[in-house]
Amino acid sequence: MGATEVKPTRSELIEIKKKIKLSESGHKLLKMKRDGLILEFFEILTKAKDVRTELDAAYEEANTKIGIAKSVEGTIAVKSTAFALSDEPDIELKSHNIMGVVVPKIQSRSVAKPLNKRGYGLLGTSSYIDEAAEAYEILVEKIILAAEIETTIKKLLDDIEKTKRRVNALEFKVIPELTESMNFIKLRLEEMERENTFRLKRIKDN
């Protein structure tokens, strides 16, 4: 709505002043939220870089260990051992709140297991297979952690962009338009008051 489209009345002026005050308050809160989210984002981004480095290292280690196990024990023996695994990791997906943004919290259990809990016979396998199994358990744990952190980063980025758009809309559109309307009403009321004063003066003179 343009400034000239508003009704130049005192009640409208009061209403617009309320809207300006509310918009300015919302603008301040949204800026605080945006700045807080950006700080959280960079803090988690640092963790993400570390986790990504650890994940890449765990992947390389797991590939190396499984390669050695296949070379020494044979591919069939390694696959047979893998099929013997019966206990699946217990993964629970929860959520928590970061400044109004709901992000995932992944809790995992039974990923890393002791030798006697892996489901295959210890006598029928070698240490090479045990080392490969342990390396892949570590890799799975890193994947779970990376999934949680990278999903959190994506959600924070999305909310930062939404908050920035709302801040900009208030700062560059809503508040300026309301202020323009307020000034227009004030000007029209002053003009109307001068006209009334002049009219009353003429009536008195007559």
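These legends describe close-up views of a predicted model.

**View 1. The second largest pocket and its lining residues.** About 180 Å³ of space lies in this pocket. Its lining is made up of E40, E43, I44, K47, H96, I98, K105, E148, I149 and T152. Helix α1 gives the most, with 4 residues. Sorted by class, the lining has 5 charged, 3 nonpolar and 2 polar residues.

**View 2. T152, a lining residue of the second largest pocket.** T152 is found in helix α3. Is T152 buried or exposed? Its relative accessibility is 5%. Buried means under 20%, so T152 counts as buried. Leaving aside residues up to four places away in sequence, T152 touches I44, I98, V103 and P104.

**View 3. The aromatic pair of F41 and F42.** The model has a count of 1 aromatic pair. F41 and F42 form this pair. Their ring centres lie 5.3 Å apart, and the angle between the planes is 70°. How are the two rings arranged? The pair is edge-to-face, because planes over 60 degrees apart count as such.

**View 4. Accessibility of F41 and F42.** F41 has a relative accessible area of 11%. That value is under 20%, so F41 is buried. F42 has a relative accessible area of 48%. Partly exposed covers the range between the buried and exposed cut-offs, 20% and 50%, so F42 is partly exposed.

Definitions and conventions
Residues are numbered from 1 along each chain as its sequence is written. This is a predicted model: local features need pLDDT of at least 70, side-chain atom pairs count only at pLDDT 80 or more; totals for chains, interfaces and linings use all residues. Side-chain values use heavy atoms; hydrogens and water are left out. On a 1 Å grid over the protein atoms alone, a cavity is a set of points where a 1.4 Å probe fits but cannot get out, and a pocket is an open set with protein on both sides within 12 Å along at least five of seven lines; lining residues have an atom within 4 Å of a point. Grid points are joined across faces, edges and corners, and a volume is the space filled by probe spheres set on the points. Helices (H or I, at least four residues) and strands (E, at least two) are DSSP runs, numbered from the N terminus. Ala, Val, Leu, Ile, Met, Phe, Trp, Tyr, Cys and Pro count as nonpolar, Asp, Glu, Lys and Arg as charged, and the others, Gly among them, as polar. Buried means under 20% relative accessible area, exposed over 50%, partly exposed in between (1.4 Å probe, protein chains only). Contact means heavy atoms within 4.5 Å. Rings of Phe, Tyr and Trp (its six-membered ring) pair if their centres lie within 6.5 Å; planes under 30 degrees apart count as stacked, over 60 as edge-to-face and the rest as tilted.
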